[in-house]
Amino acid sequence: MDEFWPVPHALTYLGGRWRVTRTVRDLASGHLGRFEGTTLFGPLEGGGLLHQESGTFTWQGVPRPAERTLRFLPGPDGTVDVRFADGRPFHDLDLSTGRYVAEHPCAADLYRGEFTVHDEDRWRTLWRVRGPAKDLELDTGYIRAR
């Protein structure tokens, strides 16, 4: 079993550029997709970090450009308030123990994410999405780009 790497201040840890690899598994259909790209956590005006992810998502053999933007705002005691690009709440993030579980209800679906930090240059998210519209697993690995 992996040991987790405690992170006292999540924004400080996350800052910079990361190489990203994500598998997306549709558990209902059995289809498997893959995202490869980068995530940049850069300064956000007013404090926090702007999360900008871009790369290529391949689904059913068809590659296409993909991107997303999130806002990582300072929370209490080194935690983070994660928001969508338009400011809507997404989830909290507390990496102080090196592991955190977050939930986000989206219409009738529920997103449950597990965040694990393995060392100063590697962390992972595993999102499980369940509901009438989705039955997905998204497994993302981040490696710090040097």
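Here are some notes on the structure above, one topic at a time.

1. **Ground rules.** This is a predicted model, where local features need pLDDT of at least 70, side-chain atom pairs count only at pLDDT 80 or more, and totals for chains, interfaces and linings use all residues. Residues are numbered from 1 along each chain as its sequence is written, and side-chain values use heavy atoms, with hydrogens and water left out.

2. Start with strand E5 (residues 80-84); helices (H or I, at least four residues) and strands (E, at least two) are DSSP runs, numbered from the N terminus. Val80, Val82 and Phe84 make up the covered face of E5, while Asp81 and Arg83 sit on the uncovered one. In general, side chains in a regular strand alternate between the two faces of the sheet. E5 pairs with strand E4 (residues 62-74) in the antiparallel sense over five bridges, pairing being called when DSSP finds at least two bridges between two strands. Strand E6 (residues 89-93) also runs antiparallel to E5, joined by four bridges. Leu70 stands opposite Phe84, and Val80 stands opposite Leu93 in E6.

3. **The two hairpins.** The E4 and E5 hairpin has five residues between the strands, with Asp77 at a positive phi near 55 degrees. In the E5 and E6 hairpin there are four residues between the strands, and Gly87 has a positive phi near 95 degrees.

4. Buried means under 20% relative accessible area, exposed over 50%, partly exposed in between (1.4 Å probe, protein chains only).

5. **Thr125.** What is the relative accessible area of Thr125? Thr125 comes out at 3%, so it is buried. Its place is in strand E9 (residues 122-130). Setting aside residues up to four places away in sequence, Thr125 touches Glu114, Phe115, Leu138, Asp139, Thr140 and Tyr142; contact means heavy atoms within 4.5 Å.
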